[in-house]
Amino acid sequence: MKRYRYAILMILVIGLIAIFDRQAAASSVNNAGLQLKQMFFVIPPIFLLLGLLDVWVPRTTMVKYMGKGSGIKGILLAFLIGSAAAGPLYGAFPVAAVFMKKGVKFLNLMVFIGAWSTTKIPMLMFEIESLGLKFALTRLAIDIPGIILIAFLLTKLISKGEIEEIYKNSETMA
């Protein structure tokens with residue numbers, strides 16, 4: 001019961017809303033259904049690719065290119081993978097869990113998640129088309145250093161013990 005307490009609470013809240021406004025409750029249920037449908041189309045391909053990544057890419061290769069001694073090439077690779085990714089942000093977290101299992105450095109994980117959420121190539125193309133090249137490049141010029149700065153800050157502000165705990169917990173998820 002404790003595991004599903006938030007889902008149960010939401011069902012009760014929607015039930016309470018239905019007492020006062022059936023239209024709002026129906027709209028809430030409809031929106032939740034659409035979100036679940038979207039997740040069912042996004043999550044399976046991500047897990048398929050993760051399975052292939054887990055089998056095809058040896059841990060030593062990931063450590064070499066994105067591990068502790070990777071330096072700038074690890075940051076650039078994390079940016080490229082995150083920017084080329086498709087799908088909503090919640091798709092980045094299972095990928096990050098596999099990256100942790102493969103020995104990717106915490107800084108590179110933070111860059112990867114930042115790039116996935118902010119610098120997607122399809123989004124850049126849309127911005128260039130709708131808002132203009134100047135806007136898109138200005139946003140990138142602000143976002144890229146911002147992502148790197150935030151990743152460095154998180155790496156410095158989170159203790160090594162907490163980072164180790166995150167990696168330990170990720171082993172049960174990946």
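Q: What do buried, exposed and partly exposed mean in terms of relative accessible area?
A: This structure is a predicted model. A residue counts as buried under 20% relative accessible area and as exposed over 50%. Partly exposed is therefore the range in between.

Q: Is Lys168 buried, exposed or partly exposed?
A: Lys168 lies in helix α9, three residues from Glu165, which is about one turn of the helix. Its relative accessibility is 48%. Buried needs under 20% and exposed over 50%, so Lys168 counts as partly exposed.

Q: Which residue forms a salt bridge with Lys168?
A: Side chains of opposite charge can pair when their charged atoms come close. Here the closest N and O atoms are 3.9 Å apart, and a salt bridge needs them within 4 Å.

Q: Is Glu127 buried or exposed?
A: Its bridge to Arg139 links distant parts of the chain, 12 residues apart. Glu127 has 8% relative accessibility. The cut-off for buried is under 20%, so Glu127 counts as buried.

Q: How far apart in space are Ala115 and Ile147, C-alpha to C-alpha?
A: Ala115 lies in helix α6 and is buried, with a relative accessible area of 0%. In sequence, Ala115 and Ile147 are 32 residues apart. In space, their C-alpha atoms are separated by 7.2 Å.

Q: Which element gives the largest share of the lining of the largest pocket?
A: The largest pocket has a volume of about 440 Å³ and is lined by 17 residues, with Ile163 and Tyr167 among those nearest its centre. Two or more lining residues come from each of α3, α6, α8 and α9. The largest share is four residues, and it comes from α9.

Q: What accessible area do Tyr6, Leu9, Met10, Val13 and Ile17 have together?
A: These residues form a nonpolar patch on the surface. One of them, Met10, lies in helix α1 and counts as partly exposed at 45% relative accessibility. Together, the residues of the patch have an accessible area of about 460 Å².

Notes. Residues numbered from 1 in each chain as written. Predicted model: local features only at pLDDT ≥ 70, side-chain atom pairs only at ≥ 80, totals over all residues. Heavy atoms only, no water. 1 Å grid on protein atoms, 1.4 Å probe; cavity = no way out; pocket = protein on both sides within 12 Å on 5 of 7 lines; lining within 4 Å. Points joined across faces, edges and corners; volume = space filled by probe spheres on them. Patch = residues over 30% accessible without salt bridge, like charges linked within 9 Å, V, L, I, M, F, W, Y side chains within 5 Å. Areas by Shrake-Rupley, 256 points an atom, 1.4 Å probe, with all protein chains shown as cover. Salt bridge = Lys/Arg side-chain N within 4 Å of Asp/Glu carboxyl O. Buried < 20%, exposed > 50% of the residue type's maximum accessible area, 1.4 Å probe, protein only.
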